[in-house]
Amino acid sequence: MAKVISISNQKGGVGKTTSAVNIAVSMAVSEVKTLLIDMDPQANATTGVSSLFKANGTSVYDVLTRQTKLEEAIHHTEFENLDILPSTHDLVGAEIELVSVMAREYQLQNQLVTVTRDYDYIFIDCPPSLGLLTINALAASDAIIIPIQCEYYALEGLGQLLNTIRLVQRHINPKLSIAGVLLTMYDSRLNLSKEVAAEVRSYFQDKLFQTVIQRNVRLGEAPSFGKPALLYDANSTGARNYLELVEEILTRDS
Ligand SMILES: Nc1ncnc2c1ncn2[C@@H]1O[C@H](COP(=O)(O)OP(=O)(O)OP(=O)(O)O)[C@@H](O)[C@H]1O
Ligand SMILES: [Mg+2]
């Protein structure tokens with residue numbers, strides 16, 4: 001049975017998509033059967049791996065609103081162990097269309113159970129909001145990874161996210177746990193990065209991943225080629241950081 005992990009933080013631009021894409025690909029090359037779900041109407045995760053698969057027109061939008069079977073919207077990629085459930089801009093509409101649907105929080109979960117046997121891990125890239133798309137992701141997840149950018153105000157808004165997690169645990173999905181907190185865009189030359197790291201560590205203690213994702217231009221360049229870092233530049237710091245993170249996740253879960 002797959003472990004389902006949402007990559008979520010309602011704060012924008014903290015490295016959710018970069019992490020979702022590169023964790024999923026690093027898992028796949030470590031021979032772990034992985035599904036990447038793009039739950040963001042911005043569809044950045046889909047674009048980020050677009051060189052790896054051919055879109056057939058179905059997306060997570062059809063699964064959430066058109067009763068398309070999830071299996072039919074899953075795309076195989078050129079990596080044997082990586083599949084993707086892509087997003088499109090239509091997904092903006094799903095948030096509104098779902099409002100009047102019964103059990104609207106469980107639409108993704110209801111469909112996901114049909115494929116959890118087929119994977120070891122399922123990663124969900126969430127949008128920068130705490131709306132129905134994120135709630136659907138959290139309802140379907142065993143755990144959440146929270147990326148935190150090493151920047152001013154890094155912890156701002158985190159209370160709101162933790163509150164949402166508690167509400168989801170209480171009312172929708174009691175099994176949801178925090179898999180880990182991930183520091184992204186870390187720059188070891190900056191005192192600010194060290195200060196943020198210390199603050200996050202004192203707050204989250206052992207929930208903080210030991211692996212830190214450093215600031216690395218390759219991670220920013222790769223998506224414009226539709227490639228994950230491992231394909232764009234396998235020796236880059238970014239590619240190596242995410243491989244190391246995947247080792248840590250697999251060790252924690254074993
Ligand atoms: N470690 C890194 N080093 C350098 N650039 C990075 C790194 N991580 C992410 N970026 C860049 O920072 C920007 C924001 O990252 P990303 O899209 O992953 O964040 P996000 O949290 O998914 O954003 P959104 O909230 O809009 O979905 C992107 O341009 C990305 O390429
Ligand atoms: Mg994103």
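**Entry 1, the sheet.** I began with one residue pair and noted that Leu35 stands opposite Asp83, the latter in strand E4. I keep in mind that this is a predicted model. When I looked up the two strands around this pair, I found that E2 and E4 (residues 82-85) run in the parallel sense and are joined over 4 bridges. I reminded myself that strands of a sheet pair through backbone hydrogen bonds, either parallel or antiparallel. I then followed the whole sheet, which is open, has 7 strands in the order E3-E4-E2-E5-E1-E6-E7, and shows mixed pairing. At its edges I found E3 (75-76) and E7 (177-184), and because each has a single partner strand, one side of each is left without a neighbour in the sheet.

I asked myself what span the 17 residues of H12 should have. At 1.5 Å a residue, helix H12 (residues 237-253) should span 24 Å, and I noted that its end C-alpha atoms are 24 Å apart, which agrees. I next listed the buried residues of H12 and wrote down Gly238, Ala239, Asn241, Tyr242, Leu243, Leu245, Val246 and Ile249. These buried residues pack against three helices, which I recorded as H1 (16-29), H10 (217-221) and H11 (229-232).

**Entry 3, around ligand 1.** I looked up the shell around ligand 1 and found 20 residues, of which Gly12, Lys16, Thr17, Thr18 and Pro128 come nearest. The elements that give two or more residues to this shell are H1 and H10, and the largest share, 3 residues, comes from H1. Sorting the shell by class, I recorded 6 nonpolar, 11 polar and 3 charged residues.

Glu31, however, has a positive phi near 60° and is not a glycine. I located Glu31 in the loop between H1 and strand E2 (34-38). Is Glu31 buried or exposed? I found 10 other C-beta atoms within 10 Å of Glu31, and since 12 or fewer counts as exposed, Glu31 is exposed.

I then turned to Gln205, whose phi is also positive, at about 50°, although Gln205 is not a glycine. Gln205 lies in the loop between helix H9 (191-204) and H10. With 9 C-beta neighbours inside 10 Å, Gln205 counts as exposed.

Terms used
Residues numbered from 1 in each chain as written. Chains lettered and ligands numbered in written order. Predicted model: local features only at pLDDT ≥ 70, side-chain atom pairs only at ≥ 80, totals over all residues. Expected span 1.5 Å × (residues − 1). Buried ≥ 20, exposed ≤ 12 C-beta atoms within 10 Å, placed from the backbone. Contact = placed C-beta atoms within 7 Å. Near = placed C-beta within 6 Å. Nonpolar A, V, L, I, M, F, W, Y, C, P; charged D, E, K, R; others polar. Pairing = 2+ DSSP bridges.
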